[in-house]
Amino acid sequence: MADLDDVKEGKNFAAEIPMEVRASAIRGANALDWGMQDRLSRIFQAGSGHTVMLAFDHGYFQGPATGLERLDLSIRPLIPYTDVLMCTRGGLRATIPTDSRKPVVLRCSGGMSVLTELSNELVAVDIEDAIRVNAAAITTNVYIGAEYEHQSLANLVKLIDTGNRYGIPTMAVTGVGKNMARDARYFGLATRICAEIGAQIVKSYFVDDGFEKVCAGCPVPIVIAGGKKLPEMEALQMAYHAIDQGAAGVDMGRNIFQSDCPIGMIEAVRAVVHGGEKPEKAIEIYSSAKAALH
C-alpha cells in the first residue's frame, strides 16, 4: 500500500500554459485509439513519416518463388535494413528470429493459388493468432471489379472490425487481375473504397499518369507495391516519384530480394523514401554495395 504519511498537495499545475493536444502525424489517424496510433507509429517512422516495408509473403499463393526459396538465407540478412516485415504467420514463425524487433504486417488472406482465380480468397488467420505474433497490422487483398469482388470486400470488413476491436490497424491491398485496368481511375476507385470501408493503410500500385490524384483522394496513407522485378534504377525512380506525389512509403519484395545485391538495393530505397535522395544519387549506394561484393 502506498505510504499515506507526508502526502503533499500538488502545486505546479502551470495553469498559465494551455494543455497541448498533439495531432497524429499519420494521415487519417487522429480519431483512432491510442493502441492503434501506437502501432501505426511503429510502421511509419517519426523522422520522415514514411515507411519501407519488406514484402516476402508471396509463398502463400506462389509457392517457393525465385529469391524466396530459403527465407532464412534471403530475408534474415535484410531485417536490419527494413522498417517493417510483411509476411505470413508460417514464414514468420519458421524463419524470423524473435529478436528482430521489427513490426510485422501480417498476411491474413489465403485459400487460392496461382493455379486458380486469385480473387477467390478467404480470411485465413484468426485475430487471436495475429495478437499472438504481436502483429502491428493485418492485411488482405481487395479485388475491385474482379469475379469475387464482394467476397474480397467482405474479407476486408471482417479484418477491419476485428482489428478495431483489439487496436490493430488493417492494410488493404488493391489486387489487380490480369485483364483489369492499371490506371489512376481504377486505383483512385479501389483505394478510396478501401479507406471508406475503414482500412487504416492502403497498398496500391504506382501509375505514371495521375498518381498524385490517387493519393490526394485517399484519406489514409498509401504505400506502393513494388510489383514485378525492374532494373534497379527504374525501381528507384518509381519509389521517388511515388513519394514525391504523396505516397507514405513502399512495400517492396521482388525488387529487393531478387536484386543481385539485395542489401545495397534496400539501402538505396531507404535513401529515397526516408532521405529524399534522387534516384541518380541513390543508385550510387546500390552500386557501391554491389562492387564491395566482388
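Tutor: Start with a pair of charges. The side chains of Arg192 and Glu196 form a salt bridge, 2.7 Å from N to O. This is a predicted model.

Student: Where do Arg192 and Glu196 lie?

Tutor: Both are in helix 7 (residues 184-197). They sit four residues apart, about one turn of the helix.

Student: Which salt bridge does Asp251 make?

Tutor: Its side chain meets that of Lys203, at 2.8 Å from N to O. Asp251 lies in strand 10 (residues 249-252) and Lys203 in strand 8, so the pair ties together parts 48 residues apart in sequence. Now check the cover. Asp251 is buried, because its relative accessibility is 1%. Lys203 is buried too, with 9%.

Student: What does Asp260 pair with?

Tutor: Asp260 forms a salt bridge with Lys290, and their closest N and O atoms are 3.0 Å apart. Asp260 is in the loop between helix 10 (254-257) and helix 11 (262-273), while Lys290 is in helix 12 (residues 279-292), so this pair ties together parts 30 residues apart in sequence. Asp260 is partly exposed at 45%. Lys290 is also partly exposed, at 30%.

Student: How many salt bridges are there?

Tutor: The count comes to 13. Salt bridges can also link up: Arg89, Arg93, Glu128, Asp129 and Arg132 are joined in a network of them.

Student: Which residues form a negative surface patch?

Tutor: Look for like charges gathered on the surface. Here Asp183, Asp208, Asp209 and Glu212 form the patch. Take Asp208 as one of them. It is found in the loop between strand 8 (201-204) and helix 8 (211-216). Its relative accessible area is 70%, so Asp208 is exposed.

Student: How many aromatic pairs are there?

Tutor: A search of the whole structure finds four. For a pair, read the distance between ring centres, then the angle between planes. In Tyr60 and Phe61 the centres are 5.0 Å apart and the planes are at 70°, so the pair is edge-to-face. Tyr60 and Phe61 are both buried.

Student: Which residues form an aromatic cluster?

Tutor: Tyr186, Phe187 and Tyr205 make up one cluster.

Note on methods. Residues numbered from 1 in each chain as written. Predicted model: local features only at pLDDT ≥ 70, side-chain atom pairs only at ≥ 80, totals over all residues. Heavy atoms only, no water. Patch = residues over 30% accessible without salt bridge, like charges linked within 9 Å, V, L, I, M, F, W, Y side chains within 5 Å. Areas by Shrake-Rupley, 256 points an atom, 1.4 Å probe, with all protein chains shown as cover. Salt bridge = Lys/Arg side-chain N within 4 Å of Asp/Glu carboxyl O. Lys, Arg positive; Asp, Glu negative; His and termini not counted. Charge placed at Lys NZ, Arg CZ, Asp CG, Glu CD. Helix = DSSP H or I, 4+ residues; strand = E, 2+ residues; numbered from the N terminus. Buried < 20%, exposed > 50% of the residue type's maximum accessible area, 1.4 Å probe, protein only. Phe/Tyr/Trp six-rings, centres within 6.5 Å; stacked < 30°, edge-to-face > 60°.
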